Amino acid sequence: MDKKTKAEAIAAMAGSLVDFVIRTAQDKDAPPEAVRSLPEAARVALDLLCYC
């Protein structure tokens, strides 16, 4: 896998995590486990983007 393809895949994973964080934060009926995972999910998304 070349660097560009790898970077695009990593960015896509980060984007999915960001979508999860946003949707969960806006969902008033989100389960407590999901809400508790938001800081870690956001941190991982940022780490992935920095890795690109």
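The structure is a predicted model, in which local features need pLDDT of at least 70, side-chain atom pairs count only at pLDDT 80 or more, and totals for chains, interfaces and linings use all residues. Residues are numbered from 1 along each chain as its sequence is written, and side-chain values use heavy atoms, with hydrogens and water left out.

The mean pLDDT (the predictor's confidence in each residue, from 0 to 100) is 93 for the protein chain, and 100% of its residues reach 70 or more. By element, confidence is highest in H2, at 95, and lowest in helix H3 (residues 38–51), at a mean of 93.

The protein chain contains three helices and zero strands, and its elements run α-α-α from the N terminus on. Here helices (H or I, at least four residues) and strands (E, at least two) are DSSP runs, numbered from the N terminus. Along the principal axes, the C-alpha atoms fill a box of roughly 40 × 15 × 15 Å. The radius of gyration of the chain is 13 Å, whereas a compact globule of 52 residues would have one near 10 Å; the radius is taken over C-alpha atoms, and the globule rule is 2.2 Å times the number of residues to the power 0.38.

The surface can be described next. The protein chain exposes about 4,000 Å², of which carbon and sulfur atoms supply 61%; accessible areas come from the Shrake-Rupley method with a 1.4 Å probe, and for residues only the protein chains shown count as cover. Of the 52 residues, 19% are buried, where buried means under 20% relative accessible area, exposed over 50%, and partly exposed in between (1.4 Å probe, protein chains only). There are 7 positive and 8 negative side chains, and the centres of the two sets lie 5 Å apart. Lys and Arg count as positive and Asp and Glu as negative, while His and the chain ends are not counted; each charge is placed at NZ of Lys, CZ of Arg, CG of Asp or CD of Glu.

Thr24 sits in helix H1 (residues 3–26) and counts as buried because its relative accessible area is 9%. Leaving aside neighbours within four places in sequence, Thr24 is in contact (heavy atoms within 4.5 Å) with Ala30, Ala34, Val35 and Leu38. Ala45, in helix H3, is buried because its relative accessibility is 2%. With residues up to four places away in sequence not counted, Ala45 touches Ala14, Leu17 and Val18.

Pro32 belongs to helix H2 (residues 32–36) and is partly exposed because its relative accessible area is 48%. Its C-alpha atom is separated by 14 Å from that of Phe20, 12 residues apart along the chain. Cys52 lies in the segment after H3 and is partly exposed, with a relative accessible area of 47%. Cys52 and Lys4 are 48 residues apart in sequence, yet their C-alpha atoms are 9.1 Å apart in space. Beyond residues up to four places away in sequence, Cys52 touches Ala7, Ile10 and Ala11.
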